[in-house]
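Student: Please show me what to look for in a model of this kind.

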Amino acid sequence: MSAVIQPAKAPGTADTPRETSGTRLAVRRFLRNRLAVAGLGVVLFFVLFCFVGPLVYSTDQTHTALDQVNLAPSGTHWLGTDAVGHDELGRLMYGGKVSLIVGLAAGALATVIGTLWGAVAGYAGGWIDAVMMRIVDAGIAIPALFILLVVSAITTPGLPGLILILGLVSWLVPSRLIRAETLTLKNRDYVLTLRAIGGTHARAILRHILPNSVSTIIVATTFQIADAILLVAYVSYLGLGVQPPATDWGGMLSAGLTAAYSGYWWLILPPGLAIILVVWAFNAIGDGLRDAFDVRGRG
Amino acid sequence: MTATQASAAPAAEPILELDDLDVVFTTESSKVPAVRGVSLQVRPGETLALVGESGSGKSTVALAAMGLLAGNARATGRAVIDGTDIVGADEAGLAALRGRTVSMVFQEPATALDPLTRIGKQIAEVIRNHGDVSAKDAAARAVDLLRRVGIPEPEKRAAAYPFQLSGGQRQRVVIAMAIANDPALLIADEPTTALDVTVQAEILDLLRRLAAETRTGVLLVTHNMGVVADFADRVAVMYQGRIVETGTVEDVLLRPSHDYTRRLLAAVPRLSVAEPDGRAPAGDPRPDDGSGGGDATAPVVELRDISVVFGRGKRAVHALDGVSLVVRPGETLGLVGESGSGKSTAARVALGLIPPTSGTVSLFGADLARTRSRARRALRSGIGVVLQDPVAALDARMTVGECVAEPLRVHRRGLSAQERRGRVEAVLDRVRLPRDIVRRAPGELSGGQRQRVSLARALVLEPRLLVADEPTSALDVSVQESVLKVITELQDELGFACLFVSHDLAVVQQFARRVAVMRAGRIEEQGLTGETLLHPETDYTRRLLAAVPVPDPVVQRGRRAERLATLAAGRTGAEA
Amino acid sequence: MSTPSYLIRRVLQAVAVIVIVTIVVFGLLHALPGGPARGILGPQATAQQIARFNHEQGLDQSLPVQYLHYLNQLLHGDLGTSYTLNAPVSRLIGERLPKTLVLTVLSLVIGLLLAIPLGMWQAVRRNRPADYVITTLSLIAYSTPVYFLGLILVLVFSQVLPWFPSQAPQGQSLAQVFSEPQALVLPVATGAASMVAVFSRYMRAATLENLSEDYVRTARAGGSRYGAILRRHVFRNSLTPVISMLGYYLPVLFGGALVVEQLFNYPGMGLLFWSAAQASDYPVLLGCVLVIAVATVVGTLLADIVQRIIDPRVKAGRA
């Protein structure tokens with residue numbers, strides 16, 4: 001039966017001083033969440049793996065080696081080679097760099113756009129809010145993958161273009177979150193007090209609403225990065241990704257798809273698992289941050 | 001147990017017996033003892049009030065007696081209900097007991113009921129938990145119960161969802177669930193705290209009647225001494241997890257023996273009431289020292305014929321309807337009323353936070369609607385604001401120093417950092433907070449300290465008008481007393497005018513020179529506090545005053561009889 | 001708010017959203033390199049040919065006029081003609097949309113039937129090993145690209161264990177799709193697995209929130225057993241937010257169908273879209289986007305209405 005019972009705050013906090021500050025408490029809560037800490041470890045590992053790894057384990061990722069294609073893992077090629085003779089482990093580092101950079105940048109971009117849009121809509125209210133949110137509704141009604149495919153039919157973007165496009169299709173969900181947050185914050189007593197004594201809107205937004213949205217924004221960014229890395233994988237699968245000889249994990253995975261039926265497992269499992277691990281890690285960190293900050297976020 | 005108990009109820013065996021009960025909470029950082037060695041008894045037909053301030057552990061005792069403690073709480077000792085020890089009982093045993101032998105009424109009627117289940121069904125569920133009753137019979141009994149707790153048209157209302165009922169009606173439904181199986185013991189945890197004072201009186205009448213009908217023992221948990229005086233036979237006073245004093249209601253409230261009880265009772269604001277023969281009451285309201293201007297001086301704020309309408313068409317809500325108010329320099333105007341009366345809306349209109357649909361607001365002689373934004377902002381530097389919720393009042397991301405300095409940053413931009421620090425320290429001295437508090441975070445402060453920080457922020461610009469919206473309602477009485485004292489002293493010293501919004505008539509009577517009573521968006525009557533609250537002109541104000549329970553069991557008994565007689569007369573009058 | 005006026009307002013909102021979508025689609029159509037003419041006539045067309053085409057098609061008129069013309073066409077069900085398949089886009093979509101709906105609805109229903117009890121069960125066993133294991137598994141499933149998940153399923157259940165075909169049913173009509181039920185298993189399983197991952201998370205969170213509500217304590221104080229409280233109260237209260245999520249989840253669902261159809265070669269709208277993208281068949285691409293956006297808006301509307309039926313508070317405009 002103890003299962004129904006929720007832990008409660010100790011009674012009597014109303015007029016007894018609390019001893020710990022919010023941020024320190026949040027950090028402590030986060031560190032106690034084992035899944036979140038594991039996620040942090042995974043992210044750190046992959047950052048080292050992709051950015052420091054090539055210095056230790058150096059491979060040729062520009063020239064094809066058609067005399068040694070689709071080799072099984074061995075002492076010389078720890079994870080074998082791919083269809084044009086690239087060392088698969090080296091390629092995993094090389095492609096991971098692209099996946100991580102695009103994912104982080106696109107996730108951050110989406111959160112920035114979403115935060116500004118949501119904050120303006122929520123703070124302005126009225127018809128401005130209504131129009132801005134209908135635009136968000138319309139954007140959400142068109143699945144991102146469809147937009148990306150249409151774009152791929154029109155043009156083949158470079159890396160910055162890819163980041164921009166991914167950012168532009170994924171800011172909608174964070175904008176909703178931040179709008180909801182702004183709606184609550186703008187009616188907080190300290191904002192009302194400021195406005196009653198003649199404080200400006202700018203001050204209310206910059207000094208109160210944005211600083212108090214920080215935890216929500218951080219949590220949103222983490223989930224957004226997870227989503228962006230996943231989206232990068234789809235994008236390459238759909239043929240919009242970075243062009244050869246450059247690659248990313250999604251590109252490696254889709255290149256290895258046909259090989260999978262021939263039993264070349266080393267061409268799909270490593271990039272597949274890498275995507276899953278990194279995306280899982282960012283989601284676990286996001287879950288941990290959300291619980292630690294005690295903010296509302298996804299699921 | 002003490003000797004007073006044995007004499008109070010000699011015959012029957014106690015229905016509830018707590019013996020050396022301890023409850024410890026495990027929090028993220030430590031183990032907090034909430035209840036320490038509490039022993040008490042409730043006998044059939046008697047009401048024991050467990051009183052104390054927040055954090056005293058009184059609600060934890062109630063939950064422990066129901067076996068409803070949170071998962072991180074551990075109880076030791078004994079809590080025996082009708083022969084069963086609740087501490088250590090298994091869940092099946094507890095379920096068999098709850099709702100049949102012992103029931104509970106909770107503080108918050110807004111959330112106590114399942115929002116998606118019709119109320120008749122929720123009552124029927126309790127009935128069917130404890131007897132082989134058909135759904136149809138249970139539904140019929142649920143309708144009977146709704147009638148017993150005074151819900152009009154019970155057949156129809158049984159099909160209503162909780163959101164379709166008012167707060168008072170919801171609490172009646174919770175009570176109906178509690179009495180569904182005629183329990184021997186009823187535990188009521190602050191059953192009227194969330195309700196308006198007139199509704200509180202009705203709910204207390206209902207509980208008293210039901211308990212008397214079935215000789216149910218009642219454990220009443222409350223912080224309100226008036227409610228204790230109105231309802232309890234015996235009182236146990238809790239302080240820091242322990243019971244410090246137990247006795248009959250007359251003994252504890254009129255002749256308290258423990259020092260804490262005496263201090264607590266001294267802090268309770270008492271409503272002065274006119275004696276039946278019309279002579280002046282014993283306790284005098286705040287005297288009019290004449291320092292405030294007479295009617296001749298120009299008002300600091302004036303609301304003229306203000307109406308506020310939210311929404312349009314059929315769903316429009318008239319929050320204010322033709323409200324006119326004046327606050328003159330140096331005086332305090334108390335704005336009282338029940339929830340939904342529009343008192344907070346009126347304060348917000350005065351603050352310029354809500355634009356009136358019609359009517360004019362003038363602040364320091366200037367019409368707010370006609371001033372331009374820059375000039376209007378300058379005008380507003382003459383206002384200080386303190387709102388109700390001590391937690392929401394301060395931005396948790398700022399330090400106390402930054403919070404207090406914010407008005408200076410808005411209106412005195414020329415100040416150097418050092419001058420600013422000087423002003424902040426000076427105003428903290430005034431509200432009697434230590435200077436080193438500036439570096440603390442609001443989250444580290446107690447509720448009373450936070451309200452003083454809000455007050456410091458409100459006064460740092462030396463305003464001509466302080467608008468205080470229920471500034472002490474979230475505080476314990478002892479803290480409320482000290483905060484009100486600070487405001488009074490500073491007002492004498494600095495001479496600002498004050499618009500003081502409160503639901504608490506006793507507080508307003510002590511604090512305000514003039515009072516305006518609001519009801520449903522209109523001003524019912526206004527005048528000098530000493531006259532209006534002693535000899536009200538309207539029926540509504542009379543009813544409002546009559547519903548306030550005073551913390552003296554003898555006086556309160558007389559007031560209750562008088563109020564019920566008036567009600568009965570009104571009813572027969574209406575029927576005739 | 002009364003039901004009719006609520007409906008009117010919601011429908012007006014939905015119409016506004018669809019109008020914005022048509023503007024986006026129209027904008028995309030004109031953002032094409034060289035405009036629609038270059039797309040239709042091909043890269044070899046001369047400037048003269050393009051000018052004549054633009055005049056014939058009314059493309060030399062001002063943009064607002066063209067947009068109104070485009071809207072008029074849409075209202076008559078005219079989504080243009082496919083460049084490559086030489087057929088009206090509306091007919092092409094009409095043939096394939098039902099198949100996609102079959103796939104998505106099957107995945108959705110099966111996914112929800114698994115996710116809802118699973119999420120509740122996790123909430124009940126909160127912070128115990130079983131909850132940790134399932135939470136981690138569902139988060140892993142959530143983090144897996146759908147095509148990789150499908151690939152693994154194919155490798156295991158079609159290659160290693162020859163239980164199901166790796167190709168979806170290829171029939172033209174709906175009846176033919178159902179004539180090969182075993183071929184539907186892997187595509188539906190792939191779609192359902194990602195549903196379970198998402199909705200078990202929502203259901204777990206919603207159930208946890210409701211378990212800490214006051215009404216649970218009231219029910220316990222009335223002597224109700226834990227199981228009964230879950231069944232009678234917590235279940236319904238937790239389900240309402242999940243249903244409202246459902247409407248917003250439709251676009252993701254269609255996105256998933258795109259990948260699943262491509263992976264299993266299922267002849268639905270996703271595959272049509274995919275091949276149109278390969279062939280730069282813009283009328284088909286934009287027609288599909290429009291249809292899916294409209295389907296999403298209508299689906300969201302339906303979810304709101306269902307929620308109104310379940311939750312009396314929404315009806316009163318209080319929630």
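Reading helix pairs, sheets and contacts

Tutor: Start with one pair: H11(B) and H17(B) are oblique to each other. Oblique is the class left over when angles under 35 degrees count as roughly parallel, over 145 as roughly antiparallel and 65 to 115 as roughly perpendicular. The model is predicted: local features need pLDDT of at least 70 and side-chain atom pairs count only at pLDDT 80 or more, while totals for chains, interfaces and linings use all residues. Residues are numbered from 1 along each chain as its sequence is written, with chains lettered from A and ligands numbered from 1 in written order.

Student: At roughly what angle do the axes of H11(B) and H17(B) cross?

Tutor: Two packed helices are described by the angle between their axes and the distance between those axes. Here the axes of helix H11 (residues 259-267) and helix H17 (residues 477-494) of chain B cross at roughly 50° and come within 8 Å. Helices (H or I, at least four residues) and strands (E, at least two) are DSSP runs, numbered from the N terminus. Axes are lines fitted to C-alpha atoms, for helices over the stretch in contact, with angles from 0 to 180 degrees between N-to-C directions. This crossing is left-handed, that is, the near helix is turned anticlockwise from the far one by less than a right angle.

Student: Which residues make the contact of H11(B) with H17(B)?

Tutor: A contact puts two C-beta atoms, placed from the backbone, within 7 Å. B:Arg263, B:Leu264 and B:Ala267 of H11(B) meet B:Val477, B:Ser478 and B:Glu481 of H17(B). By class, that contact has 3 nonpolar, 1 polar and 2 charged residues. Ala, Val, Leu, Ile, Met, Phe, Trp, Tyr, Cys and Pro count as nonpolar, Asp, Glu, Lys and Arg as charged, and the others, Gly among them, as polar.

Student: What is the strand order in the open sheet of chain B?

Tutor: Strands pair if DSSP finds at least two bridges between them. The open sheet has 4 strands in the order E2-E1-E4-E5, with antiparallel pairing. Its edge strands, E2 (31-42) and E5 (84-85), each pair on one side only. Strand E4 (residues 73-81) pairs with E5(B) over 2 bridges, and B:Val80 has B:Asp85 as its bridge partner in E5(B). Helix H2 (residues 58-66) of chain B lies across E1 (16-26), E2 and E4, running at about 110° to E1(B).

Student: How many residues of chain A are in contact with chain C?

Tutor: There, 38 residues of chain A are in contact with 45 residues of chain C. H6(A) gives the most to the chain A side, with 8 residues. That side has 31 nonpolar, 5 polar and 2 charged residues.

Student: Which residues of H6(A) meet H13(C)?

Tutor: A:Phe146, A:Val150 and A:Ala153 meet C:Leu285, C:Cys288, C:Val289 and C:Ile292. The contact has 7 nonpolar, no polar and no charged residues. The axes of H6(A) and helix H13 (residues 282-310) of chain C come within 11 Å and cross at roughly 165°, which makes the helices roughly antiparallel.

Student: What does chain C contain in terms of helices and strands?

Tutor: Chain C has 14 helices and 0 strands. Its C-alpha atoms fill a box of roughly 85 × 60 × 35 Å along the principal axes.
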